[in-house]
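Have a look at it first, and then follow along with me.

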Amino acid sequence: MEVQITRTKLIKPSAPTPPDLRILKLSPVDQIQYSIKPAALLYYSADGSAGAEEVERRINRLETSLSETLTRFYPLAGRYIEDGNWIDCNDEGVEFFVAKVKGCRLSEVLSRRDEMIDQLCHLAGGEFTSPVLSIQINMFDCGGLVIGIRISHHLFDGFSAACFITSWATASRNGGIDDHEVIPPTFDLTSFLPVNGLRLPKMKPRPPLMGTDNGVTKRIVFDGAKISALRAISHDPSFLRKPSRVEVVTALVWRARMRVSLAKHGRLRTSLAALTMDLRLRIVPPLPPSSCGNLVSMATARFVAAESSDGNMEVPEVPELKILVGLLIDSMTTSKETVVTPEDAFPTLLRTRNELYEAVEKGEVDVFMFTSWCNFPAYKIDFGWGKPVWMSRIHSGFEAATFLDTQGGDGIEAWLSFNKQEMPLFLQDKDILAFTSEEAL
């Protein structure tokens, strides 16, 4: 597959940003994010009518609607000022690439998804460029389109990115901004998360990102039937509630990674499973429904390996799946039911992160990171020519597992970015082999 950039331009908001909105001070949570631009790719199959002229019309529609949407999401057209931790909302524009894909049809990419993972990064340009938002429209000769979107993590989390993408799609589909369909975003998390006068714990150094030399990304798929079976065998009457599909898949991946650690260290180690959580629904008084920025905390479940009287770990095998599921349910339920005030939000998040960073730094406890994009309405994002047939990620510098919905909505795609030496052993884990679909490996 050869991806050739044919056009590059900056898309500015269709109306200038008012002077009083020129400076957007980043919230404390924004400021502690890694300087990366995570990518999401949306794949749209050819519909039979998408000749060269129609594809060009679609690209023009995407440009026009993007410009209109940026009047609402104006910080995305600005520039991140690292020294001051703010966004200069100067309307310089969003990086917009148009690319021609040669050497394969979109159907070939879709039929060889796992083989193509290392090449998907070519469909999402702008990783190391300065604009806050970069978009790449990839045209296939068959008429198919892939839309690659990268947004700086200093400005947006996954919830905020979803707000922007759905708003852009709505503007493209409807021929303009519709106030009845799209709730205007707000960018005032700094005022909602006061830190002045608070006694904050000192932030631990962030662990370094996993480079491409040490890390590799793979994709495995759990279909709906396998997940239903997992939920049945992992439930226990003592649980507070029935486990969710994300919780049982998290527990299965956690258990497989514990086996890899056991093989590596010769003993079972204490481990933490950390799951990202949206804080918006936990803050009281509630935030506006479209508050954009970073407002993600973590729920942590801890498995403590048993020790003998002389301090050595004696457990020869990983715990039962039910045990890990129970730990996850307890952690998620407690986190969701805990009310957080605006004054508590950042200190709470900082303490959780420090616990994880300290564990990584000491190296005595295994820390496994999980992020769920499930229930993100990816397969409803219609720019005016139908819904996508797939949503993907690309290789990530984070050592983590990210969960996405399958197209049918009842399965889960797990995008795994792990150490290169450990990945083969993980993929051969007996539980992974038993509960993933044949297309996954």
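**Entry 1**

I began at Phe-383, which touches Leu-42, Tyr-44, Arg-61, Leu-62, Ile-147, Trp-168, Ala-169, Ser-172 and Arg-173 once residues up to four places away in sequence are set aside. Contact here means heavy atoms within 4.5 Å.

A note on sources before I go on: this is a predicted model, in which local features need pLDDT of at least 70 and side-chain atom pairs count only at pLDDT 80 or more, while totals for chains, interfaces and linings use all residues. Residues are numbered from 1 along each chain as its sequence is written, and side-chain values use heavy atoms, with hydrogens and water left out.

Next I looked up the largest nonpolar core, which has 67 residues. Phe-383 is among the members that touch the most others, together with Tyr-43, Leu-76, Ile-135, Ile-147 and Phe-164. At least two residues of this core come from each of strands E3 (39-44), E6 (94-102), E7 (133-140), E8 (145-151) and E13 (390-392), and likewise from each of helices H2 (52-69), H3 (106-111) and H4 (158-174). H4 gives the largest share, 7 residues. Apart from this core lies another, of 46 residues, including Val-216, Val-246, Leu-275 and Ala-299.

My working terms were these. A nonpolar core is a set of buried Ala, Val, Leu, Ile, Met, Phe, Trp, Tyr and Cys residues joined through side-chain atoms within 4.5 Å. Buried means under 20% relative accessible area, exposed over 50%, and partly exposed in between, with a 1.4 Å probe and protein chains only. Helices (H or I, at least four residues) and strands (E, at least two) are DSSP runs, numbered from the N terminus. As background, nonpolar side chains in soluble globular proteins tend to be buried together.

**Entry 1: the whole chain**

I then stepped back to the overall figures. The protein has 11 helices and 15 strands, and 54% of its 441 residues count as buried. For 441 residues a compact globule would have a radius of gyration near 22 Å, and the protein agrees, with 22 Å. That radius is taken over C-alpha atoms, and the globule rule is 2.2 Å times the number of residues to the power 0.38. Along the principal axes, the C-alpha atoms fill a box of roughly 70 × 55 × 40 Å.

Among contacts with a separation of 6 or more, 79% are between residues 24 or more positions apart. I noted an accessible surface of about 19500 Å², with 52% belonging to carbon and sulfur atoms. On charge, I found 48 positive and 55 negative side chains, the centres of the two sets lying 0 Å apart. Lys and Arg count as positive and Asp and Glu as negative, with His and the chain ends not counted.

Gly-148 sits in strand E8 and counts as buried because its relative accessibility is 2%. Beyond four places in sequence, Gly-148 is in contact with Ala-40, Leu-41, Leu-123, Ser-134, Ile-135, Gln-136 and Asn-138. Its C-alpha is 9.9 Å from that of Met-391, 243 residues apart along the chain.

Val-260 belongs to helix H7 (residues 245-265) and is buried, since its relative accessible area is 7%. Which residues does Val-260 touch, not counting those up to four places away in sequence? I found Glu-422, Leu-425 and Phe-426. Val-260 and Pro-424 are 164 residues apart in sequence, yet 9.6 Å apart C-alpha to C-alpha.

A cis peptide bond joins Val-284 and Pro-285, with omega about 0 degrees. Pro-285 lies in the loop between strands E10 (271-278) and E11 (296-303); with 55% relative accessibility, Pro-285 counts as exposed.

Asp-91 has a phi of about 60 degrees and is found in the loop between strand E5 (86-88) and E6. Asn-375 has about 75 degrees and is placed in the loop between strand E12 (366-372) and E13. Is each one buried or exposed? Asp-91 is buried, at 14%, whereas Asn-375 is exposed, at 67%.

**Entry 2: toward the end of the chain**

Last, I looked at Ser-437, in the segment after helix H11 (430-435). Ser-437 counts as buried at 14% relative accessibility, and its contacts beyond four places in sequence are Val-221 and Asp-223.

How values were computed:
Areas by Shrake-Rupley, 256 points an atom, 1.4 Å probe, with all protein chains shown as cover. Charge placed at Lys NZ, Arg CZ, Asp CG, Glu CD.
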